[in-house]
Amino acid sequence: MSERPATSGLAGLASRAGSTLRGWWQRILHLWRASLGFRVVVVTMLLGILVLTAVGTYLYGSIAQSLVDSRQRIAAEDSLRDGQDAQDKFDSTDQTDTEAKLTQFATTLVNSYRRDAGNETRYVVLTRSDGNTSPFNVRSVESGSVGLRFIPDELRRQVAAQTDRQHLQVATITEGNDSISAVIVGQTVVLPVAGNYGLYFIYPMDREREIISSIGNTFLVGGFALIVLIGAIAFVVTRLVADPVRRAAAVAERFAEGNLNERMRAKGEDDLARLGTSFNGMAASIQQQIAQLENLSRVQQRFVSDVSHELRTPLTTIRMAGDLIHDSRGDFEPTVARSAELLRGELDRFESLLSDLLEISRFDAGAAVLEVEASDLRACVERAVDAHRTLAARKGTRLVVNTPAAPVVADMDSRRIERILRNLVSNAVEHGEGKPVEVTIGYNDTAVAVTVRDHGVGLRPGEAALVFTRFWRADPARARTTGGTGLGLAIALEDARLHAGRLEAWGARGEGSCFRLTLPRMAEATITSSPLPLSPLAAESARAARATSSEGADDDTLRLRRITVERSP
């Protein structure tokens, strides 16, 4: 029973530790992405660590090798001198009567060559060489705890094989509980009566190890201090460069927000000063061009507004005269009567153009306002469709409206939304070539939408982005029968933007076109997704899915009302 709380506590502690580490890691990543100075300091320190590690490793290895080489050279010279001295003493001794006397003499001589005083320690070993067949045998002599067992067999074979040479090898020995490298020098000495023996001098490298350890610690401390100094230097240097860049970024942000009088401080003649001077020149040029464009825009807007207003009075007079002439056309000759009809039609188009120009001027001047209220989108669609029944009948076009049975309520300006729908239906009928035009309403939790789909000439690739351009026509040579001004879709787009909505177009040659209007259900809300697809293929799939699901649903809830204007007989 006591193990479970302990396990739970450890798991909670591990979870908190993991959360803390993730938090720190996220902070470091954020600092890495957001701070140029932090990146420069970290990269500089990492590169410094790599360079110092490489250089330190090379120097450390070189110093260690030099100490070992020096120790080997000194050991070789020292052992050669003592080896010759030992050979002289063996040659001059008279203690050769018995094995015991010779062994005693060899033991005394070997112990005399051992060194224990000061910083230098040396052990000496005398042992019978391989291949010595003399019957007179002197047992092996060791001067201390480091004896025959530490002498490599390969070195003993070399000493036995080449008696006229000195042989040297570095091996590991044990002093107490400590393992240490040692230089072992071996050579052959000839004992009277006993034959060839190997004399080995063992030099432990305690002093060299202490020196190498001290050098390593010095490298570590010095390297750490140098890395810290490099980081501090990189930080200072980065601040010298990054602070002006940060100030420049702040000035640029304020300039982008509309404070066109913002300028950078430019002092000196260095690169940053030239950057500040160039930025200030660019800002001044942009400010001047923006002022010119604003003045030109004001002049243009004022011109359009003034011309539109000034044309109202003569247009009214011409309209009255035209209506009088048109009403009296029965008393005229056929050609004059036809001219009166043409005159009235062009006056209608001229008046519509003036109204559109005035509306466009309001959008350009930012004077357009919404009269928002909660309205049923179905009513707007029905009014827009009803307004084009006569035109659709004349064109031989069948209008199909798919609306849900439930109200589709959204915050909108009904007058502007109806104007958008009138433009879309009018264009669909005009370009539908007598084929059915489908108007579909959809909604979801955040948005409502209407699509107007025709099966006429369609649009070429890239034209879907141009249809909302002012005075743009897909086919300039095409004859229009509805007297459009070329501003309808541009005004419709502006009306949709006023509602924080979207107006989009799709089209393909021979497949027709589809326009989709999407509006938020609540004013100033953000549209996450449109309830209706823009592509006809996706729309047909969605309609098929809805038709399939509606077979088993309540008719009063999911019933679709279809308003159809049949082809005129």
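Helices (H or I, at least four residues) and strands (E, at least two) are DSSP runs, numbered from the N terminus. The model shown in these views is predicted, so that local features need pLDDT of at least 70 and side-chain atom pairs count only at pLDDT 80 or more, while totals for chains, interfaces and linings use all residues. Residues are numbered from 1 along each chain as its sequence is written, and side-chain values use heavy atoms, with hydrogens and water left out.

View 1. Together with Val51, Tyr58, Leu59, Tyr60, Ile63 and Phe219, Val55 makes a nonpolar surface patch of about 620 Å². Helix α2 (residues 36-92) gives the largest share of this patch, six residues. Patch residues have over 30% relative accessible area and no salt bridge, and nonpolar side chains are joined within 5 Å; a salt bridge is a side-chain nitrogen of Lys or Arg within 4 Å of a carboxyl oxygen of Asp or Glu.

**View 2. The five-stranded sheet.** An open sheet is formed by five strands in the order β2-β1-β5-β4-β3, with antiparallel pairing, where two strands pair if DSSP finds at least two bridges between them. The edge strands, each pairing on one side only, are β2 (141-142) and β3 (167-175). Strands β4 (residues 178-191) and β5 (residues 195-204) pair over ten bridges, and Val185 stands opposite Phe201 in β5.

**View 3. The hairpin of β3 and β4.** Strands β3 and β4 run antiparallel and are joined by nine bridges, with Ala171 standing opposite Ala182 in β4. Two residues lie between the strands of this hairpin, in which Gly176 takes a positive phi near 70°.

View 4. Apart from neighbours within four places in sequence, Asp82 is in contact (heavy atoms within 4.5 Å) with Tyr113, Arg115, Arg122 and Phe201. Although Asp82 and Phe201 are 119 residues apart along the chain, their C-alpha atoms are separated by 9.3 Å.

Definitions and conventions. Patch = residues over 30% accessible without salt bridge, like charges linked within 9 Å, V, L, I, M, F, W, Y side chains within 5 Å. Areas by Shrake-Rupley, 256 points an atom, 1.4 Å probe, with all protein chains shown as cover.
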